[in-house]
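Student: Could you take me through one part of this structure closely? I would like to see how a single residue sits among its surroundings.

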Amino acid sequence: MWTFPVSRAVLPIVDSAGNTLVDFRRVAEGERWPGVEDLPMPASLVVVRHADTILLIFDSWRRQWELPGGTREPGESAHQTAVRELREETGLEVAGLVHAGVAEFALVAPQRRELLAVYQVRLEAVPPLTVNDEALAFRWWSISEPAGEDASPLDAEIGRLVVAAPPTGPAGAPAST
């Protein structure tokens with residue numbers, strides 16, 4: 001198994017509501033690591049990259065900038081969820097989402113621990129994006145800049161971690177994007 005080491009100086013990160021990004025691991029799609037085998041994986045996130053920026057959406061419900069993504073529907077794979085949520089929240093129909101890793105969270109309201117599948121895609125050009133009921137606005141954020149107080153620090157850190165190292169391919173091997 002190939003995993004990318006994540007600096008423990010960065011994690012954990014806690015947001016203003018008390019939710020914590022505990023860990024981020026570059027593992028092969030569907031793979032988990034010891035200690036989290038039984039944690040649910042109810043959602044997927046997508047890091048959409050263009051040049052040196054990451055797409056953030058302004059979420060209408062949480063009223064903050066965050067990565068596109070959302071909850072799995074019954075019978076859906078984590079990859080299918082990422083594709084669907086990206087389309088629903090941005091209007092983007094993209095091929096080639098690459099599994100980037102798995103994020104572990106300790107969440108509140110209700111209190112629980114869970115995993116989220118994280119995918120990425122690199123775009124050559126800035127596409128037209130569709131404002132909708134879920135995403136009120138879009139922003140291309142450079143990870144070298146502060147994300148801002150109105151951005152999810154958990155999503156911002158996931159974006160930084162995904163950009164910091166190559167994605168994994170089948171069986172955890174490095175993949176190209």
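Tutor: Let us look at Thr53 and then step back to the chain around it. This is a predicted model, in which local features need pLDDT of at least 70 and side-chain atom pairs count only at pLDDT 80 or more, while totals for chains, interfaces and linings use all residues. Residues are numbered from 1 along each chain as its sequence is written, and side-chain values use heavy atoms, leaving out hydrogens and water.

Thr53 lies in strand β4, which covers residues 53-59; strands here are DSSP runs of E with at least two residues, helices are runs of H or I with at least four, and both are numbered from the N terminus. Thr53 counts as buried because its relative accessibility is 19%, and buried means under 20% relative accessible area, with a 1.4 Å probe and protein chains only.

What does Thr53 meet there? Its side chain reaches the backbone oxygen of His50 at 2.6 Å. Setting aside neighbours within four places in sequence, Thr53 is in contact (heavy atoms within 4.5 Å) with Val48, Trp140, Trp141 and Ser142.

Now for the wider setting. The chain has two helices and nine strands, arranged along the sequence as β-β-β-β-β-β-α-β-β-β-α. Of its 177 residues, 50% are buried. Among contacts in the chain with a separation of 6 or more, 66% join residues 24 or more positions apart.

Definitions and conventions
A polar contact is a pair of N or O atoms within 3.5 Å; within protein, one must be able to donate a hydrogen and the other to accept it, and residues adjacent in sequence count only if both atoms are side-chain atoms.
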